[in-house]
Amino acid sequence: MGDSGFEARVEQALADAGLRRNFASAMGGFAARRLAVFPDAAALERLREQGAAARRRALARLPELLEELERALVGNGIHVHWAETAAVGNRIVLEILEAHGVRRVVKGKSMVSEEMHLNAFLARHGIDAVETDLGEFIIQLAGETPSHIIVPAVHKNRAQIARLFHEKIPGTPYTEEVAELNAVARRTLRRMFREAGAGLSGVNFAVAATGTLCLVENEGNGRMCTGVPPLHIAVMGIEKVIERLEDLPPLLRLLTGSATGQRVTTYVNLISGPRRAGDPDGPREVHVVLLDNGRSAVYADPELRATLQCIRCGCCLNHCPVYTRIGGHAYGTTYPGPIGKVLTPQLAGLERAGGLPFASTLCGACEEVCPVKIPLTRLLRRLREETVRAGAAGGAGAGALERLAWRGYGLSAQHPRLYRLLFACGRWLGGLMPPVAALERWGRAHAEPRFARLSLRRLFRKRGIPDA
Ligand code: SF4
């Protein structure tokens, strides 16, 4: 997999029984809730088609839609900023905050701000960024990064959170009572909302036709961040734009159902400008930072562009046999799991992250559940090919014997007769096969393959099933 840090983290995660237990139970719960909220497979398929079509339509017109969005936002009194890189985005946010003399900002959940490493950047400039989503609040207390794009603290159990609150929040007695822990967080954060000079949020969807920013959440903290402080800054990837308000209902239904198994989130915020004359509350100024950070390059490739359809529901993570066993931190990236394995190598480059697409069984579970039908396995294969061709991290490193073995396999897979002949001799060849340990990198993570007594083809024939 190229990245020795990645391999070491995977080994560490696999050896951590508690971590595996936390993930297994949480992910199993999400998968079950999703099934319960989408009981009709045919209806779900129709909804997925609708969602995928909305995202594809938006991407097909991305440059002009972004211009339309800018015009509509400005028309609504929202300031628009373009950031080509994360560094530029950070600088823009800092300048806005400094211009308003802000020393503390309350933050709603935003994976783009994680991608920008915004909190650390602001801290270096003397600005305190306080996470207010409960999961983000927990991992900020722990000094960690999110391990899941929807449930950032999913790797922690109740006892670990209780200990954290007890140790990090002065005057908090140790308790594992969820209601009490929530009350502690609420008390701590209320004061922050009141005192903060600005609120910062992400954006789930930005509607080009109306200049509306849509933000979904369950805790009300997003509404507090965007409504209480006098200044609101929203950061979003440029791919989050959609054409019109009518696209929102199917996308919201898919997002919440796929993410947490909810029919609808507790709060759906539609933000269309700063406080107007006569409004009793709301921010006096709203800014939007549109971040590129490599997305234009992804967009430029007609096949890889599908990556940008993603609505960050996290469903592919919940169903991935790799993610559910190693957790998010093992990836060492902002976006873990299947979408991370596709997106990160494109944003960070194959040299740095080309090994990630290899950390997949290609079972296709991610693609099967993706609400906007991103062809994740095709994209993983494409990135694998590119990594190998470029000799980049992850593609390099196989020994001569391993390369020969794969070349032989590739040749037989392209010639059905040869493949069948080899299979027929499989048992005999099995004895001659080099031990998996000899296949160096591949052998480190795989058990010795065993040939079945009967091929699938012969099994079909035996049972009278027509052979396609
Ligand atoms: S790739 Fe699909 S399933 Fe995964 S986070 Fe994105 S939209 Fe959700």
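Modeller: Happy to. Let me start with a term: a residue counts as buried if 20 or more other C-beta atoms lie within 10 Å of its own, and as exposed if 12 or fewer do. Please keep in mind that this is a predicted model.

Now to helix α2, which spans residues 17-37. Its 21 residues reach 30 Å from the first C-alpha to the last, close to the 30 Å expected at 1.5 Å a residue. The buried residues of α2 are Leu19, Phe23, Met27, Phe30 and Arg34. They cover an arc of only 55 degrees around the axis, so they lie on the same side of α2. Turn to the other side of the helix and you find exposed residues: Ala17, Gly18, Arg21, Ala24, Ser25, Gly28, Ala32 and Ala36.

Here is the setting for that helix. The chain's secondary structure comes to 24 helices and 10 strands, and 42% of the 468 residues are buried. Along the principal axes, the C-alpha atoms fill a box of roughly 85 × 55 × 45 Å.

Among the strands, β10 (residues 285-291) is mostly covered, with 6 of its 7 residues buried. Strand β1 (residues 79-83) runs parallel to β10 and is joined to it by 5 bridges. Strand β7 (residues 231-237) also pairs with β10 in the parallel sense, over 7 bridges. His287 of β10 is a handy landmark here: His79 stands opposite His287, and Ile233 stands opposite His287 too.

Elsewhere, 4 strands form an open sheet with mixed pairing, in the order β8-β5-β6-β9. Its edge strands, β8 (241-242) and β9 (267-271), each pair on one side only. Strand β5 (residues 205-207) runs parallel to β8, with 2 bridges between them; the bridge partner of Ala206 in β8 is Val241.

Finally, the ligand. It is surrounded by 13 residues, and the closest are Cys310, Cys313, Cys316, Ile339 and Cys370. Helices α14 (315-318) and α16 (337-348) each supply at least two residues of this shell. Sorted by class, the shell has 11 nonpolar, 1 polar and 1 charged residues.

Notes:
Residues are numbered from 1 along each chain as its sequence is written. This is a predicted model: local features need pLDDT of at least 70, side-chain atom pairs count only at pLDDT 80 or more; totals for chains, interfaces and linings use all residues. The expected span of a helix is 1.5 Å times one less than its number of residues. The arc is that of the directions from the helix axis to the C-beta atoms. A residue is near a molecule or strand if its C-beta atom, placed from the backbone, lies within 6 Å of it. Ala, Val, Leu, Ile, Met, Phe, Trp, Tyr, Cys and Pro count as nonpolar, Asp, Glu, Lys and Arg as charged, and the others, Gly among them, as polar. Two strands pair if DSSP finds at least two bridges between them.
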